[in-house]
Amino acid sequence: MVATPAHLRSAAVALGNDEVLRIRNDFPILQQRVNGKELVYLDSGATSQNPLSVLEAEQEFYEQRNSAVHRGAHHLAVEATEAFEDARETVAAFVGAEPDELIWTSNATEGLNLLTYSFLNASLPGAGAEAARFALAPGDELVVTEMEHHANLIPWQELAVRTGAVLKFIPVDDAGALDLEAAAAIIGPRTRVLAFTHASNVLGTINPVAALVGLARSAGALVVLDACQSVPHLPLDVKALGVDFAVFSGHKMLAPTGIGALYGRSELLNSLPPFLTGGSMITTVTMERAGFLPSPQRFEAGTQRISQAVALAAAVNYLSETGMDRIHAWEAELGQRLVQGLSAIPGIRVLGPAAGQERIGLAAFDVAGVHAHDVGQFLDSRGIAVRVGHHCAQPLHRRLGLTATTRASTYLYNTTDDVDAFLNAVADVRAYFHA
Ligand SMILES: Cc1ncc(COP(=O)(O)O)c(C=O)c1O
C-alpha cells in the first residue's frame, strides 16, 4: 500500500478496502463484467454511480408521492411538497447553507448560466435599483482561471461580450497551480466577479479558496465557486469558505442526472433578477407586469425536478453516513497511489501536482506516442472505464501543450486493487501500440 504523506493525512480514519468492498455491494452497476473482465470504474469525475438507496428513493417517490409541488391542496401534493423541501433542507445543510439559499438546477452548467444570465438581466435597462449592484458596464472586469471547465468559462465569455465587460484569467504554472502573484495583479478595482474552480477536473489541484476570496474581497468583487469536483469528495461549508455563490452537480455525487444546485447568499439572491420567468415564481401578475417571490422560488420557474431532488437528498444521506472526511482521506490515498504509479511508468506524463502534493483522487496523463482515445480503448478492453479527450478544458490542455489526455478518477467505491489493475494496464499500453 502506498503511504499518504503525513501532511496530507486527514485526522479522519480513511475508508479501507474491506469497507469499500461492502460499499460496493450497494452499487448494482458495479457488479457487472465488461469485456469479460470485472468492471473497474474510474470515471466518477465525469459521472458517478448510484447506490440502491438513491434508486429506491426516486422509485418510492413515484410509487407513493408523485405530484406537482407548492400548488395542490390534495394529499399527494402535500407529500410531494414536503419531500421536495425536505430534500432542499438536507442538501443545503450538507454544504453549510440555509434552505432558501439553495436553488435547484439541472446541473452545475445550468447554475452558472442562471447566474450569468441573471447578471445580464441586471445590466439591461429597466432592471431596477435592487439589481444595480450586479449590473456590468463596459470596462468592468470578470476574472476566471486558466484551469476552468468550459462550464465556468463560456458563460462568463458570453456575459462579457454582451455587456462590454473584459474577461481576464489567472494563469496556471507548470506544476498545475494557480499563479497567485499574477492573481494579485489581475484582481483590482474594476473586478466585479472572480469565478474559479475549487478542484480541477484535469489537474486534481485543490485551489487556495481563502487566498482567492481574500483578493476578491479587497477588490469588492463577488466570488463564484465551481464546486463540482469538491462537494462530492470532501467536507465543504460554503459559509466557512466565504464564497458568494457556488454550483455543483448531483450526478457526480451518487445522484441521478438532471439535478444540481446553485448556492447563493440569501441577501444577494433576493436582489438578483431572475433568469427564467413563468409559473411558480411570482407574487402577483397583471397583464402588464409581475412581482417575483423571494429565493429560492424566484429562480425556480415551472415544474421542478422533484424526484431527482429527493434522490439527491438520499445520495447526500449516503455520503454523510459514510463520512465526507473519511471519503476524502481515502480518495487522497487513491490519488497518491495513482500519481506515484503513473509517474513510475516510462513515457507517461502526469498532469498537475507531483506525487506527495495535495490533490483530489484523480489523475490525467499523456502517454508518449499513443493517442488518448487509443489508451481509453485499450483500457476498456480490460474492463477499465476512464475518460479521454480534453475533459471540457481546451484552454488548459493548450496551455500544457496537449490536445487530449486520459483521466482516471476515483470515488468511495474504488479499492486499491482498482487502481493497481489500472496501473498494470497502463504499463502495457506503449508496448501494445509499439510506441
Ligand atoms: C470542474 C467542473 N465544472 C463543471 C462541470 C460541469 O458539470 P455538469 O456537466 O454536470 O454541468 C464539470 C463536469 O465535468 C466539472 O468537472
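**Exercise 1.** How many Å separate a polar side-chain atom of Thr109 from an oxygen atom of the ligand?

*Solution.* The model is predicted. In this model, the distance from a polar atom in the Thr109 side chain to a ligand oxygen atom is 2.5 Å. The cut-off for a polar contact between N or O atoms is 3.5 Å. Lys252 also places a polar side-chain atom 2.6 Å from an oxygen atom of the ligand. For Gln229, an N or O atom of the side chain is found 2.7 Å from a ligand oxygen atom. The ligand on its own has 390 Å² of accessible area, and the protein covers 88% of it.

**Exercise 2.** Describe the residues that surround the ligand, by number and by class.

*Solution.* Begin with the count: the ligand is surrounded by 13 residues. The closest are Thr109, Asp226, Ser249, His251 and Lys252. Next, sort the shell by class: eight residues are polar, three are nonpolar and two are charged.

**Exercise 3.** Is Leu268 buried or exposed?

*Solution.* First locate the residue: Leu268 belongs to helix H9 (residues 266-269). Its relative accessible area is 0%, and the cut-off for buried is under 20%. Leu268 is therefore buried. Finally, Leu268 and Asp244 are 24 residues apart along the chain, with 7.9 Å between their C-alpha atoms.

How values were computed
Residues are numbered from 1 along each chain as its sequence is written. This is a predicted model: local features need pLDDT of at least 70, side-chain atom pairs count only at pLDDT 80 or more; totals for chains, interfaces and linings use all residues. Side-chain values use heavy atoms; hydrogens and water are left out. A residue is near a molecule or strand if one of its heavy atoms lies within 4 Å of it. A polar contact is a pair of N or O atoms within 3.5 Å; within protein, one must be able to donate a hydrogen and the other to accept it, and residues adjacent in sequence count only if both atoms are side-chain atoms. Accessible areas come from the Shrake-Rupley method with a 1.4 Å probe; for residues, only the protein chains shown count as cover. Ala, Val, Leu, Ile, Met, Phe, Trp, Tyr, Cys and Pro count as nonpolar, Asp, Glu, Lys and Arg as charged, and the others, Gly among them, as polar. Helices (H or I, at least four residues) and strands (E, at least two) are DSSP runs, numbered from the N terminus. Buried means under 20% relative accessible area, exposed over 50%, partly exposed in between (1.4 Å probe, protein chains only).
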